[in-house]
Amino acid sequence: MYKISIERLRPSSPTNRWCIDYPRDTDLYNLARLTNEGVDFQGWALFPKDIKATPFIRINKESHYFSFNMKRSDVVKKILNEQPEGHGQLECGFHFKLPLTADSLTFGFKTNGIDYDYAHFSVSGSLKVLEGDKGWLFLDNDANRSVDQYRGKRLLSAKELKAWTAYLDSFYRLAVSKNIRHSLLIAPAKEMVLSEYYPFKRGRKTPIEQLLKKTRAHHALSYPVQAFKQAEERPFRITDTHWAPYGAMLAAVEVLRKLGVDTEGARALFAQDQYKESTVIGDLGNKIYPPRSAIERVLASFSYRKTVIYDNQLANFGRVMLLANSTALHPAKCVLFGSSSSYTMLDYFSRLFSEIVFIHSAGNIDLNLIEIEQPDYIVAQTNARFVVIAPILGYDLHTVIKAKLNELTDDEKQDAITKSAQWLQKTNTERTEHYHRLMTQQ
């Protein structure tokens, strides 16, 4: 979604009595409305009777002229304090629609052959985006203060570091008690790998570096920043916060190594993958207007979607997917408590392990689920910008799903339950039945 901000100017023109009713700073617009339907511009202006004025919009140095086409009795009454019937300035309002082809435009009036600028409009996404060198885009103004983290202005407190130590130690003890191999994967921040394109200078200390100093070998933490920096191909997408498929592959191999599994077979398998070039907008490119895209190499020879046997299709936290692949390298079950970065990695993970349980929880671990699944491996995955809040081992998937469903309308909730039931019909197993029950037991 996008919003349009307005900056009112002070023109040296014959009137200072004017108003823009629409667009408003509080309104939100989707891409189709901005580019196809157009934005409504509505308002009014009062000029001296001997001056003819014409409203205009200037985009990319091209001016579009319109006309006063609305009778505004409210303006005549309230502003001029006169009766509107038969009034010479009754038709002082304007209304027109215009598709936007740029992220900024200027509104004004043409009088005496001269264009006077009255307001500047700018279009922006819900989050700000930083533009680095050579067109690389980075996240800005996010809740985790990623820019301040990189600059060393948002560090982890002693209490936050203690919470991380408790999580890492508890995760290790859980793995030992259940005889399960484990690893915590932290997806590096894009700016940590591509600092030469980032518009800010790195601080002397950052939160991820604070955390790394607290970890020990038995914590099995994987932070593949060096592997990314030495990569033969770029591991990140230009217009996205997430890693590229090549980066996801590198991360999957690094996790395998931390799990104590031989990586040669995985490297040989992934070396046979075929990629194709595709135009990708990305989550950052979609936050600016017009949306920015880039040519990326995407995996063409395999998709994890063909191994999915259940998917509750909830957005973000609460998402559950079960994957099964009898041809995987290792006949073993892996539970992955991941985040948004995990989805791309599933294209590789689903060929490593014959069974995968994916829970979108950003590294938070549901102990009850571990008891039910009895996996051979547990991987927790989160993103580097999330380290300001340590994950926990008290995650309750059922509670999260209930809360997510309660945010939906009755029709949306029923649709989600129906889709879950359809997956159950396709693969009616004890496992899929358990996760369907989580969708229905409110």
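Let's start with one pair of residues. Trp44 stands opposite Gly93, which sits in strand β7. Keep in mind that this is a predicted model.

So where does that pair belong? Strand β4 covers residues 39–45. It pairs with β7 in the antiparallel sense, over 6 bridges. Together with β2 they make an open sheet of 3 strands, in the order β2-β4-β7. The pairing is antiparallel. Which strands are at the edges? Those are β2, residues 18–22, and β7, residues 93–98. Each of them pairs on one side only. From one strand to the next, the twist averages 20 degrees.

Next, a helix. This is α13, residues 397–406. Which of its residues are buried? Leu397, Ile401, Lys404 and Leu405. Note that a lysine, Lys404, is on that list. Looking down the axis of α13, the buried residues fall within an arc of 95 degrees, so they line one face of the helix. An α-helix has 3.6 residues a turn, so residues three or four places apart point the same way.

What do these buried residues pack against? Two strands are on the list: β17 (320–324) and β19 (353–360). The helices are α12 (367–373), α14 (410–426) and α15 (430–440). And look at the N-terminal end of α13. Asp396 caps it. A side-chain oxygen of Asp396 lies 3.2 Å from the backbone nitrogen of His398.

Now the charges. How many salt bridges does the structure hold? There are 21. I'll take a few.

Asp40 and Arg33 meet through their side chains, 3.9 Å from N to O. Is Asp40 buried or exposed? Its relative accessibility is 18%, and the cut-off for buried is under 20%, so Asp40 counts as buried. Arg33 is partly exposed, at 29%.

Next, Arg154 with Glu160. The closest N and O atoms are 2.9 Å apart. Arg154 is buried, with a relative accessible area of 17%.

Then Arg305 with Asp311, at 3.3 Å between the closest N and O atoms. Here Asp311 is buried, at 1% relative accessible area. Arg305 is partly exposed, at 36%.

Last one. Which residues are linked in a network of salt bridges? Lys333, Glu355, Glu373 and Arg431.

Definitions and conventions: Residues numbered from 1 in each chain as written. Predicted model: local features only at pLDDT ≥ 70, side-chain atom pairs only at ≥ 80, totals over all residues. Heavy atoms only, no water. Pairing = 2+ DSSP bridges. Helix = DSSP H or I, 4+ residues; strand = E, 2+ residues; numbered from the N terminus. Axes fitted to C-alpha atoms, helices over the stretch in contact; angles between N-to-C directions. Buried < 20%, exposed > 50% of the residue type's maximum accessible area, 1.4 Å probe, protein only. Arc of directions from axis to C-beta. Contact = heavy atoms within 4.5 Å. Polar contact = N/O pair within 3.5 Å; in protein donor to acceptor, adjacent residues only side chain to side chain. Salt bridge = Lys/Arg side-chain N within 4 Å of Asp/Glu carboxyl O.
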